[in-house]
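Here are my notes on the model you sent over, as numbered points. Have the structure open while you read.

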Amino acid sequence: MAVTNETATAMESLDQLPGALLDTIMTKLDVSSICSVASTCTVFKACAAHILSFIPSFHLLETAPSMELLRPLLPPNPWLKIMKVNCGRLDDSAIQILLQPSLHELCMLNCADFSGKLLSEIGGRCKDLRSLCLGSVAEKRGRAIHISDLEELLSGCTHLEALILMFDVSFSLRHDFARVWALASQKLTSLEIGYISSVMVTELLSPNFEFPQSTNRIKPSILPNIHKLSLSVDYITDAMVGTISKGLTSLTHLDLRDAPLIEPRVTFDLTNSGLQQINQHGKLKHLSLVRSQEFLFTYFKRVNDLGLLLLADKCENMESIFLGGFCRVTDTGFKTILHSCSTLYKLRVSHGTQLTDLVFHDISATSLSLTHVSLRRCTLLTNHAVTNLASNKDLKVLDLRDCRNLGDEALRAIRTLCNLKTLLLDGSDISDVGLSYLRPGVISSLISLSVRGCKKLTDKCISALFDGCSKLALQDLDLSNLPNLSDNGVLLLARSRIPLLELRMRQCPLIGDTSVVVLASMLVDEDRWHGNSLRLLDLFNCGGITQLSFRWLKKPYFPRLRWLGVTGSVNRDMVDALARSRPFLHVSCHGEELGAEQWDSGDDFYMHDYDEMDELEQWLQEGDYESDDEDMVDAENNAEARE
């Protein structure tokens, strides 16, 4: 009774506070936090419903809401300036709710079920947009984008400064494409496109290209003020690189990635001549040239050390360089870049098949102060390279994935890097003893650590990393593909009470139900719920996962979980029932990598900014859990009957 009286008194006190005061306080919160507060009492719930009509920003990327859940969160709001939404469960019927005329910044991800109508409606409704990001538009079968949709978008949004279209935009005739892009905002400074053919890019920016049936011989200026250009194309070619370099006179960021379906011919490839044309106006600060192995194991075979020597002549002011797939470039070429770019702080090289320790032999004699280094799949590197790299004491990101010759001596050098935030060691030859070198200095600063596929590691690696450590910042831990990691290792991890947000243990044959039970019961903080911190748990193809694990994956366990990876063949009915019972949980059973984004999809280290989301579910779906739990019980009973 005493508790009831105290609660009633508190409610009466809240009722006496001026509504304007509560509104002012709650407008300082993001959407998820507003919903968290709203779930605590009726006063805050009423206040939350009110302020959603005048909050300036709306962010909901971690969860893909349905139309029914989104509608009460997005009433008409003339003060709404910024909106970021995961549209994985939405379609064209949500357009009227989402596209509010007051918006200055709009980000809509996973728009596969939308049609091209989304583009035209944005152009018609959101005239004041400054920044627009659209992902995966019309990728679902039966959806389509027409050139008229893109035309209405570009002609309607005349104030656009940044545009990201993460889908295939080469859906029209080339002449129509150039005509439409001529309508783009003159204020546009940043452009990113998910896919476009290199021929279209070349013709679009070529000064000699003329519009058909036009009496005006002077081509209108297209994208005249672009500073940042990021394109995924079929082939990176000399012609395209040269046209970009000549036509975009203000370019400071150039990011080009291709994924050839067949081996490129010389006319559809990058050569030394193409590299010589880069940065003709001397303003380039960030350069990325990457040949992806997505469809074919192919490289830039027509570029050698001479090409990088020619590039280095114009790169003295470069701050970031990413070179992927330059298989014929040796230490001479890479070393020239390092010694020519005195202001370089980000260096990324992937598939550097001829890059050796010699590149970094005298790096301490340069003026470089590297903070981000990625040397993925540079298989000739040894511990000596890491020892020399460690002279850069300001390193924050070190990506050494698939450098198979690195061992414990590399970790002994890394232990001196007290500012390190991200360390990726996938596939290296390190041992439990080597990982102990990271304690206590480096492990205290790390936010992300990956030892995926390091076959020598055992359960003892957990003790080696975390024994005696407290108040760690670690959020992301990848222990996947460790054949000797067992439930005992997970028990040691749980005892460490590290507030992890992401834990990956895919393809660990000795991980089973015990690990799930331990993690579900894990107490991170005495004042919090059990297992509350995990947002992502990847258990795909773990050998010991049975239907028992699914009982511990139900609510109320893992209340913050948003991504779960399991093997669907274990029990398809229970996987489906779990997905129904937790509509905000993305359950994957096909082996795809989980997470909203991968940090290494761009140059910068990426860290999820997690919000409190479980209260959002509670507020929107209050009272809807009982039937979903019954589904889980039915699935369990069916599974037991089959056994």
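**Notes on the predicted model**

1. A loop residue to start with. Arg497 lies in the loop that runs between helix 20 and strand 17. Its phi is positive, about 60°, although Arg497 is not a glycine. With a relative accessible area of 37%, Arg497 is partly exposed. Bear in mind throughout that this is a predicted model.

2. Asn481 comes out as partly exposed, at 26% relative accessible area.

3. Stay around there for Asp478, which belongs to strand 16 (residues 476-478). Buried or exposed? Asp478 counts as buried because its relative accessibility is 7%, and the cut-off for buried is under 20%. Setting aside neighbours within four places in sequence, Asp478 contacts Leu449, Ser450, Val451, Arg452 and Arg504.

4. Check the peptide bond between Arg439 and Pro440 as well: it is cis, with omega about 0°. Pro440 sits in the loop between helix 17 (432-435) and helix 18 (441-445).

5. Now for another aspartate. Asp269 is in the loop between strand 8 (253-258) and helix 12 (272-276), and at 1% relative accessibility it counts as buried. Which side chain does the side chain of Asp269 make a polar contact with? That of Arg302, at 2.6 Å. Beyond four places in sequence, the residues in contact with Asp269 are Ile236, Thr237, Asp238, Pro264, Arg291, Phe300 and Arg302.

6. On to helix pairs. The axes of helix 7 (residues 117-125) and helix 8 (residues 147-156) come within 7 Å and cross at roughly 20°. Angles under 35 degrees count as roughly parallel, so helix 7 and helix 8 are roughly parallel to each other. Helix 7 passes helix 8 in a left-handed crossing. On the helix 7 side, the residues are Lys117, Leu119, Ser120, Ile122 and Gly123, and they meet Asp149, Leu150, Glu152, Leu153 and Gly156 of helix 8. By class, that contact has four nonpolar, three polar and three charged residues.

7. The second pair is helix 10 (residues 198-205) with helix 11 (residues 238-247), packed at about 35° with axes 9 Å apart. This crossing is left-handed. Helix 10 brings Ser198, Val201, Thr202 and Leu205 to the contact, and helix 11 brings Ala239, Met240, Thr243 and Ile244. The tally here is five nonpolar, three polar and no charged residues. One reminder when looking at such faces: an α-helix has 3.6 residues a turn, so residues three or four places apart point the same way.

8. Two helices have buried residues to look at. In helix 14 (residues 331-340) they are Asp331, Gly333, Phe334, Thr336, Ile337 and Leu338, with cover that includes helix 13 (305-312), strand 10 (320-324) and strand 11 (346-350). In helix 21 (residues 513-521), Asp513, Ser515, Val516, Val518, Leu519 and Ala520 are buried. These pack against helix 20 (487-496), strand 17 (502-504), strand 18 (536-538) and helix 22 (547-552).

9. Finally, the whole chain. It has 25 helices and 20 strands, and 54% of its 643 residues are buried. Of the contacts with a separation of 6 or more, 76% are between residues 24 or more positions apart.

Note on methods. Residues numbered from 1 in each chain as written. Predicted model: local features only at pLDDT ≥ 70, side-chain atom pairs only at ≥ 80, totals over all residues. Heavy atoms only, no water. Axes fitted to C-alpha atoms, helices over the stretch in contact; angles between N-to-C directions. Helix = DSSP H or I, 4+ residues; strand = E, 2+ residues; numbered from the N terminus. Parallel < 35°, antiparallel > 145°, perpendicular 65-115°, else oblique. Left-handed = near helix turned anticlockwise from the far one by under 90°. Contact = heavy atoms within 4.5 Å. Nonpolar A, V, L, I, M, F, W, Y, C, P; charged D, E, K, R; others polar. Buried < 20%, exposed > 50% of the residue type's maximum accessible area, 1.4 Å probe, protein only. Polar contact = N/O pair within 3.5 Å; in protein donor to acceptor, adjacent residues only side chain to side chain.
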